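Subject: Structure for your review

Dear colleague,

Please find below the structure that I am handing over to you. My findings follow it, residue by residue.

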Amino acid sequence: MSTAVVIEAPGEHRLVPHEPRQPEAGEALVRVHASGICGSDREVFQGNRPEGYVRYPLTPGHEWSGTVAAVGDGVPSSLVGRKVVGEGFRNCQVCDRCHAGETTLCTAGYEETGFTQPGAMAATLTLPARLLHVLPDDADLTAAALLEPAACIAAAALKARAVPGERVAVVGTGTLGMFAVQFLKAGSPAELLVVGTRPDRAELSKRFGATDFRTKNADGSGLPDDFDVVIETAGSADAARTAAALLRRGGRLVLTGIPAPGADGLDPTDLVVRQLEVQTVFGAAPEAWAHTVRVFGAGLLDPLPLVTHELPLEEFPQAIELVGSGDPKVGKVLLRP
């Protein structure tokens, strides 16, 4: 009998028998290969995810890869047997934002796999087939399990609009930061600086294409202030301010991290006087997903070096603890059904 993780309430979870839900019209049943854990899964378990963005009891798991096992009526049978990943946002497809392609801004309300709808920390996942993105037949499904966070960074890279020859930078050295380095590198920048608090990430940053790695001095000095584009991935107010300070006048900043509520933000006077362009990302729209799968299929995105632990579903508590341990040796943690 296969199992699934269920978080009954904050701090309470159990393993339950899992029975695949057969796909209805427009749906697909996917055999899960692996499901990644990120900070938001830890928020769900601890109970500090923002109100309205989680619904208990819940099977978590919004980062995943797998193989289509069955499809419902109206879905091409050729999908069966294909390797896939899938979008998380269950958008309505009929509101004005969805029609504009901005599905993460769907006005029908928030619904997302692994947060308000059953996720992939189970043997199978049933979801609307329209959310699937098909991978090449030779795709590594372990690597592909990281394409959800990669898609969020793809959204940032698309908004940043970096062009060849520009000077670009990334603030943050976690999974998102390392993906940002790879996406920006693919755009042939003149320079690619990574700024972080973990010197142990310098080597990996340069392996992914960074031309320089720096840490900020205690007094905030020691960093340049003339970059064209900066993507922030660290999720703190201090990181956002550092990212803005790296930019030239008229530079472009994309924020992807979510600081704690009430954190001090950017200085609006500085933004206006220096005419900075600031954009934000929360999730990934279909365009970003398609871009991610295309870049991954072309061999320009290498998630595997970021994976440090693969555990069975039964070790969900240990996996959550690893993610929050602060141990620099812990990168991406995957659960395998």
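Arg 90 is found in the loop that runs between strand S5 (83-86) and helix H2 (96-99). Please note that the model is predicted. Arg 90 is buried but forms no salt bridge. The nearest side chain of opposite charge belongs to Glu 27, 6.1 Å away, and a salt bridge requires the charged atoms to lie within 4 Å.

Although Gln 93 is not a glycine, its phi is positive, at about 75°. Is Gln 93 buried or partly exposed? Its relative accessible area is 42%, so Gln 93 counts as partly exposed.

A positive phi is found in Gln 275 too, near 55°, and this residue is likewise other than glycine. Gln 275 belongs to the loop between helix H8 (268-273) and strand S13 (277-280). With a relative accessible area of 56%, Gln 275 is exposed.

Finally, please look at the backbone at Pro 57. The peptide bond leading from Tyr 56 to Pro 57 is cis, with omega near -10°. Pro 57 sits in the loop between helix H1 (39-46) and strand S4 (63-71).

Yours sincerely,
A colleague

Notes:
Residues are numbered from 1 along each chain as its sequence is written. This is a predicted model: local features need pLDDT of at least 70, side-chain atom pairs count only at pLDDT 80 or more; totals for chains, interfaces and linings use all residues. Side-chain values use heavy atoms; hydrogens and water are left out. Helices (H or I, at least four residues) and strands (E, at least two) are DSSP runs, numbered from the N terminus. Buried means under 20% relative accessible area, exposed over 50%, partly exposed in between (1.4 Å probe, protein chains only). Lys and Arg count as positive and Asp and Glu as negative; His and the chain ends are not counted.
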